[in-house]
Amino acid sequence: MVDESPHSAELPLETLGGQGGENLAEILAEVEDAAPASLQMPLLAAGGLVKSFGGIRAVDNASIEVLPGSITGLIGPNGAGKTTLFNLLSNFLRPDQGRVLFDGEPLHPLPAYQITQRGMVRTFQVARVLSRLSVMENMLLAVQHQIGENFWNTWFKQSQIAQAEKLERDRAMTILESIGLAHMANEYAGSLSGGQRKLLEMGRALMTNPKLILLDEPAAGVNPTLINQICERILTWNQEGLTFLIIEHNMDVIMSLCDRVWVLAEGRNLAVGSPQEIQTNPQVLEAYLGQG
Amino acid sequence: MVGYLVSLIIFTATYALFSLGLNLQWGMTGLINFGHIAFMTIGAYATVLLSLAGVPLLLATVIGGVLAAGLGLLIGLSTLRLREDYLAIVTIGVSEVVRMIALNEEWLTRGARGVYGYPLPLEALTRPTLFSKLGMIGLWTAVFVLAGWQLWRWLKRGVKQVGRKDLETTPRSIPLGNLVWGAAAALAGIILWGAGALALYDYSYKAGLMLILVVVLALVYWRLEVLTHSPWGRVLKAIREDEQVAKALGKNAFWYKLQSLMLGGSIAGIAGAFYAWNLSFINPEGFIPLITFQAWTIVVLGGAGNNAGTLLGAAIFWLYNTVTRFVLPAIVPLDEARLGAFRVMVIGLLLIILMMVRPQGLLGKKEELSLGR
């Protein structure tokens with residue numbers, strides 16, 4: 001491991017590639033060493049994750065942590081296993097090996113939907129909106145623990161349901177206004193453009209009242225103006241206390257948003273550090289551009 | 001004539017009830033259920049056999065519905081984790097298994113000889129007093145007044161739908177198309193109400209059955225409408241659109257699909273009880289897979305996911321059935337058997353034309369089809 005000075009403002013670059021049997025305890029210890037004293041335990045920590053599809057090891061002993069209040073980036077060449085890692089973190093896929101801790105608790109016994117209830121929500125690489133529901137309905141759906149989602153409550157607690165709906169509707173409207181979709185509230189979500197869908201997906205994620213949002217390529221296929229708007233929203237929400245983990249290919253986005261970047265290649269950790277460090281890391285460049 | 005209308009109302013309402021269950025499962029939740037008749041079989045046999053054994057009729061019907069829901073639970077637990085096309089295959093298999101059990105377990109179901117002579121609702125009421133007759137007509141009228149009120153609200157709402165920009169500006173005048181349809185529906189309603197009221201005054205067993213059935217149908221329809229517009233219904237629709245998203249937003253998709261399958265199944269089970277009471281004789285021949293697909297025709301005809309559309313679909317389906325039964329022999333020179341096949345061919349053709357002209361179904365929303373995923 002690279003020697004590091006605790007006084008340096010920026011986190012030192014650590015290259016993790018090829019370190020086979022790293023377990024979670026080591027990862028956590030490493031974070032504690034590396035992090036300035038003001039930062040606590042990571043909000044999300046995963047260690048030794050392995051996932052194979054047939055003979056291919058899509059994720060091969062990968063680790064990651066996300067510190068609370070940070071915007072953490074996850075980059076890597078195509079096919080590096082970033083989205084698979086996302087699926088493992090959000091329990092959409094079960095890891096063959098390894099553990100994920102969210103907010104200090106292990107996630108692997110939970111089904112995917114309960115993870116959202118605990119405060120970690122994900123978006124999808126290709127924005128997935130519920131086309132034949134209105135934009136507002138998309139937002140309202142995301143509210144957790146709704147009283148009206150219980151079958152029997154729809155019989156006996158009509159007025160409470162109506163009350164809760166009204167409150168959530170107002171909250172949804174505020175969020176829609178902040179992402180510039182308020183005028184579309186009653187349109188079908190399927191009539192939104194690609195970029196608007198990305199925004200709706202983020203707004204919808206926000207409606208779940210999360211601690212951590214996993215964004216899978218928020219800027220992919222979005223025009224530059226809208227990319228700026230999306231970045232602005234992420235920064236604002238981050239200042240309000242939300243933590244983000246972002247997969248992105250657009251280096252400008254990564255550079256402008258992230259505090260810390262993890263690099264994945266062939267399913268393994270290649271490097272971790274500040275965006276500046278990552279950009280100049282020869283191993284990262286090699287993984288992206290091939291051996292020269 | 002009145003007697004014929006009454007039995008037409010009973011058939012239509014039974015099929016409407018049956019199809020409402022399918023509409024919940026497929027139209028709302030996206031579950032492809034090709035074995036809907038299995039729920040009806042369970043409901044019909046359970047009600048009839050239990051009441052023969054001395055269980056009170058109401059309780060027997062409720063148990064029938066619960067058992068049908070239980071079948072939904074069994075199917076759901078074993079298959080809902082699979083992809084939806086597998087569910088389609090499993091359900092069609094289950095419906096045949098249920099029918100084969102009814103055919104072969106003679107100790108229980110009397111097999112192909114069928115069950116008859118079972119208790120019927122309002123059986124004791126052969127000569128009601130004028131007072132109870134008027135009460136029944138009052139109840140009958142109340143259902144129609146409520147239906148008329150719903151129709152009026154639909155007319156006033158006009159073109160105001162999700163997907164329209166001018167949502168806030170309610171149109172002052174009712175659009176002409178709606179007016180024509182509304183008038184037609186009102187006319188049909190008045191004829192049906194009149195026939196029903198006459199039949200109730202001139203009391204017969206069928207008239208009483210018709211009253212109970214229509215009241216039950218109205219209640220089920222009302223509950224389904226409430227559910228559809230509740231957060232519960234929103235989760236079902238989300239699952240229909242994209243189950244992964246529902247999961248990512250913290251919804252237990254499996255549990256909601258199970259609820260939908262069970263509730264739709266119990267509605268079909270109750271429809272089965274009315275089916276049995278109407279025929280007053282049931283055997284496994286009455287529960288062939290064809291009926292499942294008739295329900296599919298009704299749901300597609302009316303517009304998937306639309307409860308009112310399902311009612312309309314059932315009405316049109318039986319209207320077609322009746323009209324062709326009387327009109328076709330007069331204009332098509334074919335013998336009885338061929339005519340029967342010809343009628344089915346024509347309904348197929350009509351469905352194809354409908355799908356070309358109005359692929360969203362009669363009451364479906366056109367905009368929904370033009371949306372990208």
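Predicted model: local features only at pLDDT ≥ 70, side-chain atom pairs only at ≥ 80, totals over all residues.
1. Chain A contains an open sheet of four strands, arranged in the order S2-S1-S4-S5 with antiparallel pairing. Strands of a sheet pair through backbone hydrogen bonds, which may run either parallel or antiparallel.

2. The edges of this sheet are formed by strand S2 (56–66) and strand S5 (105–106) of chain A. Each of these edge strands pairs on one side only.

3. Strand S1 (residues 44–53) of chain A pairs with S2(A) in the antiparallel sense, and eight bridges join the two. One pair of bridge partners is Phe53(A) and Ile56(A), the latter lying in S2(A).

4. Helix H2 (residues 82–89) of chain A packs on the sheet. Helix H2 touches S1, S2 and strand S4 (97–102) of chain A, and the direction of the helix makes about 115 degrees with that of S1(A).

5. In chain B, helix H13 (residues 307–331) packs with helix H14 (residues 336–357). Their axes are 11 Å apart and meet at an angle of about 130 degrees; H13(B) and H14(B) are therefore oblique to each other. The crossing of these two helices, H13(B) and H14(B), is right-handed.

6. Which residues make the contact between the two helices of chain B? H13(B) contributes Tyr320(B), Thr324(B), Leu328(B) and Pro329(B), while H14(B) contributes Leu339(B), Arg343(B), Val346(B) and Ile347(B).

Key
Residues numbered from 1 in each chain as written. Chains lettered and ligands numbered in written order. Axes fitted to C-alpha atoms, helices over the stretch in contact; angles between N-to-C directions. Parallel < 35°, antiparallel > 145°, perpendicular 65-115°, else oblique. Left-handed = near helix turned anticlockwise from the far one by under 90°. Contact = placed C-beta atoms within 7 Å. Pairing = 2+ DSSP bridges.
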